[in-house]
Amino acid sequence: MGSSHRPGPRRRGHAGSSSHPSGDRVLVLPGEEIASQGLKPGPGTYRVGGKLYASVLGLVSPQPPFVQVIPLSGRYIPKPNDVVIGTVTDAQGTFWLLDIGAPRWAPLHMTGTPWQVEIGETEKFLRVKESVVVRVENLDATGRIGVTMLGDGLGKLEGGSIFRISPARIPRVVGRGGSMIQTITQRTGAQVAVGQNGRIWVDGDPEAIHRVREALRMISEDGLRSGLTERVDSYLRSTSRSDDEGVQVPPSETAHRDASESHFASTPPSEGGDEPGDQNN
Amino acid sequence: MGSVGAKDVPVLLSPEGLRIDGRRVDELRPIKIKAGALKHADGSAYVEWGENKVMAAVYGPREVHPRHLQQNTKAVIQCKYNMAAFSVDERKRPGLDRRSQEISKVIAEAFESVVFAEEFPRTSIDVYIEVLQANAGTRCAGLVAASVALADAGIPMADLLPAVAVGKAGGAIILDLKKEEDNFGEADLPMALVPQSGRLVLLQMEGHMTREELAKALDMGVAGCRGIYEVMKQALRDRYAVTPGPEGSA
């Protein structure tokens, strides 16, 4: 949800007194009327008697012929092709259930993995509480979320830590053209993988992990102010040890995925070691 | 608990028309709301309203537990209202009782009429309300806190739900009863309003009123709800304000 790049609407007649019209974005709350200007109700809105109202807390964004409200909070709402980080909550005979922070658990079928999984042996490959990087493949009307582990940069996460922030903040973590995530990985030397669902995997030496965590805290606590990348950068520079000092941050352009995607183990864990079924299921 | 003999009954309305705490008949107690008070909840709010202190947390939409409550076409809204043992003068026996079950039920039903539950089939939206300090009107305070918490959790709904109790004490219709007015007054009428449509989605009554008094009480309550609505909106704006410019601290 690239709210930061969207062109904003024109100001409403009676914008809330405290919602500073930063440039052009208007904050609305559930039940507040939106000037429709002939647009149809899109996500986050509803219509009663010819008038449009917001149904979620968020920023008004006209996308002709619709007007929508981009949420500023809430759980992760899956979109096809999102790369997300999930934690196994259950292992069944032919699939695992993943908590990806969405309204429902997402089933990962054994055929959606690069492994040769025998029926009933799912736990040899992935066990409860282990984490994976997967891609949202399909969604159906009942809210079922299909995910796959087949693809570049997808796989099981070994080691590291996972931090959670609001999914609405992910565009700020990535930054314009990946500038923020590049700054973070290059200044700290940590390996970072960002899931669109607000889960962020970090690995590296403990100090690097700590500095990434602080940077993420800055991003998630910061209001919708500009200059965030610069402030995170100056924080990371001020806390770096002298040997990191020389690292030059290039002016982005290269995809941030290069920096973050090559670190996953796409191979199954060594056979024979872990016996399945030690307690759960 | 009707008035029993004149002995301990305080003067609920002075000859000047002022109430036991100096308020006018249509005046609310001071109310303060903080949106987003808890870290782990999907949404939360803390409300101080007169001498009431209430925390609300919202989780979800998430997997339904217990599973048999799951509905195939919409989310279920589960609410748990609880009073802390230390929330009243005499220790309250902790845990579920008849009163808290009833309040949980009416609050959940009030939210069912505004939340767009069809957007999240087979899930549960769990609302927890904890009363830390009570001084009459805690179901309304809890509902207000939960409503702000739902908005903070990004749950789609038709509107916020302001709520207030109206009642009768000292012969007058009064807004937002405090404890003495509730205990020794003649009637108590909590209500919750959908400001966008003007509908009431919670209305209970204890005690006696004439039809004329009821009509007057409803008008007074709706006006009170609209006042509280503004405080609720301001709390959410304060939390999500779009602040321009690169000022501030790191």
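Biologist: How many bridges join S2(A) to strand S5 of chain A?
Modeller: Residues are numbered from 1 along each chain as its sequence is written, while chains are lettered from A and ligands numbered from 1 in the order in which they are written. Strands (E, at least two residues) and helices (H or I, at least four) are DSSP runs numbered from the N terminus, and two strands pair if DSSP finds at least two bridges between them. S2(A) and S5(A), residues 51–54, run antiparallel, and the number of bridges joining them is two.

Biologist: Which residue of S5(A) is the bridge partner of Ile34(A)?
Modeller: S2(A) covers 33–34. Across in S5(A), the partner of Ile34(A) is Leu52(A).

Biologist: Which strands stand at the edges, and why is one side of each left without a neighbour?
Modeller: Three strands of chain A form an open antiparallel sheet in the order S2-S5-S4. Each edge strand has a single partner strand, so one side lacks a neighbour in the sheet; these strands are S2 (33–34) and S4 (45–48) of chain A.

Biologist: Over to chain B: what is its radius of gyration?
Modeller: This value is taken over C-alpha atoms, and the globule rule is 2.2 Å times the number of residues to the power 0.38. For 250 residues, a compact globule would have a radius near 18 Å, which agrees with the value for chain B, 19 Å.

Biologist: What share of chain B counts as buried?
Modeller: A residue is buried if 20 or more other C-beta atoms, placed from the backbone, lie within 10 Å of its own, exposed if 12 or fewer, and partly exposed in between. Of the 250 residues in chain B, the buried share is 48%.

Biologist: Where in chain B is the pLDDT below 50?
Modeller: Chain B averages a pLDDT of 93, and 94% of its residues score at least 70. Where pLDDT is low, predicted coordinates should not be read in detail. In chain B the stretch below 50 is residues 244–250.

Biologist: How many helices and strands does chain B have?
Modeller: From the N terminus on, the elements run β-β-β-β-α-β-α-β-β-α-β-β-β-α. That makes the tally for chain B four helices and ten strands.

Definitions and conventions. This is a predicted model: local features need pLDDT of at least 70, side-chain atom pairs count only at pLDDT 80 or more; totals for chains, interfaces and linings use all residues. pLDDT is the predictor's confidence in each residue, from 0 to 100. Two residues are in contact if their C-beta atoms, placed from the backbone, lie within 7 Å.
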